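My entries follow in the order I made them.

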Amino acid sequence: MPIGSSDLETPLDLTGSIDSQQNAADVDISSQDRAIIARAIATAHEAGKAEPPFSWSNPITGNSGTIVAVKDDTQAGGTGCTRFETTANTVGGVRAYLGTACRDLMQEWAIIDLAVKNAEADSAG
């Protein structure tokens with residue numbers, strides 16, 4: 001049974017289970033970056049400085065940015081969440097991102113959602 005294709009115009013998709021429309025934030029912002037962003041949010045909360053801007057920087061990836069907006073988004077019975085907007089200066093350039101960081105049961109902050117902010121989201125919200 002052949003595994004290749006003689007059709008040179010249409011590439012053979014060997015990764016059908018992998019979504020080709022990957023979230024740009026997943027490519028640009030590593031898990032290390034996300035942990036650092038979450039730590040910056042946690043530090044601001046602990047210091048009572050919930051008013052941005054405050055910066056973050058990852059010396060390992062070279063990425064950095066500024067958290068420019070935060071909004072409490074705690075749900076009833078939840079452990080606490082914050083919606084935020086951050087810039088990120090990465091190899092891909094400078095972009096704005098929208099995200100949500102929440103505290104888990106151990107009160108540790110983690111980013112649970114992050115996406116590139118686009119102009120359409122700005123005009124709709």
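**The E4–E5 turn**

I began at the hairpin of E4 and E5, which has five residues between the two strands. Glutamine 107 in this turn has a positive phi of about 65 degrees. I noted that glutamine 107 has this positive phi although it is not a glycine. I took helices (H or I, at least four residues) and strands (E, at least two) as DSSP runs, numbered from the N terminus. Strands pair if DSSP finds at least two bridges between them.

**Ground rules**

I kept in mind that this is a predicted model, where local features need pLDDT of at least 70, side-chain atom pairs count only at pLDDT 80 or more, and totals for chains, interfaces and linings use all residues. Residues are numbered from 1 along each chain as its sequence is written, and side-chain values use heavy atoms, with hydrogens and water left out.

**Residues of the loop**

- Glutamine 107 is partly exposed, at a relative accessible area of 42%.
- Glutamate 108 has its place in the loop between E4 and E5. Glutamate 108 is exposed, with a relative accessible area of 52%. Which distance separates glutamate 108 from alanine 42 in space? I found 8.1 Å, C-alpha to C-alpha, for a pair 66 residues apart in sequence.

**Helix H2**

Helix H2 covers residues 31-46, 16 residues in total. From its first C-alpha to its last, H2 reaches 22 Å, close to the 22 Å expected at 1.5 Å a residue. The expected span is 1.5 Å times one less than the number of residues. Which residues of H2 are buried? I listed Asp33, Arg34, Ile36, Ile37, Ala38, Ala40, Ile41, Ala42 and Ala44.

**The sheet**

I traced an open sheet of five strands in the order E1-E2-E3-E4-E5, with antiparallel pairing. Strand E1 (54-57) and strand E5 (109-116) stand at the edges with a single partner strand each, so one side of each has no neighbour in the sheet. Neighbouring strands are turned by 30 degrees against each other on average, direction ignored. The axes are lines fitted to C-alpha atoms, for helices over the stretch in contact, and angles run from 0 to 180 degrees between N-to-C directions.

Next came the pairs. E3 (residues 81-90) and E4 (residues 93-103) are antiparallel over ten bridges. They form a hairpin with two residues between them. Threonine 90 has glycine 93 in E4 as its bridge partner, and phenylalanine 84 has glycine 99. E4 and E5 are antiparallel over seven bridges. Tyrosine 97 stands opposite valine 116 in E5.

**Largest pocket**

Which residues line the largest pocket? I read off Ala69, Val70, Lys71, Arg83, Phe84, Glu85, Leu98 and Gly99. Strand E2 (64-72), E3 and E4 each supply at least two of the lining residues. A pocket is an open set of points on a 1 Å grid over the protein atoms alone, where a 1.4 Å probe fits, with protein on both sides within 12 Å along at least five of seven lines; lining residues have an atom within 4 Å of a point.

**Whole chain**

I closed with the totals. The protein chain has three helices and five strands. Along the sequence, its pattern is α-α-β-β-β-β-β-α. Buried residues make up 28% of its 125 residues.

Note on methods. Buried means under 20% relative accessible area, exposed over 50%, partly exposed in between (1.4 Å probe, protein chains only).
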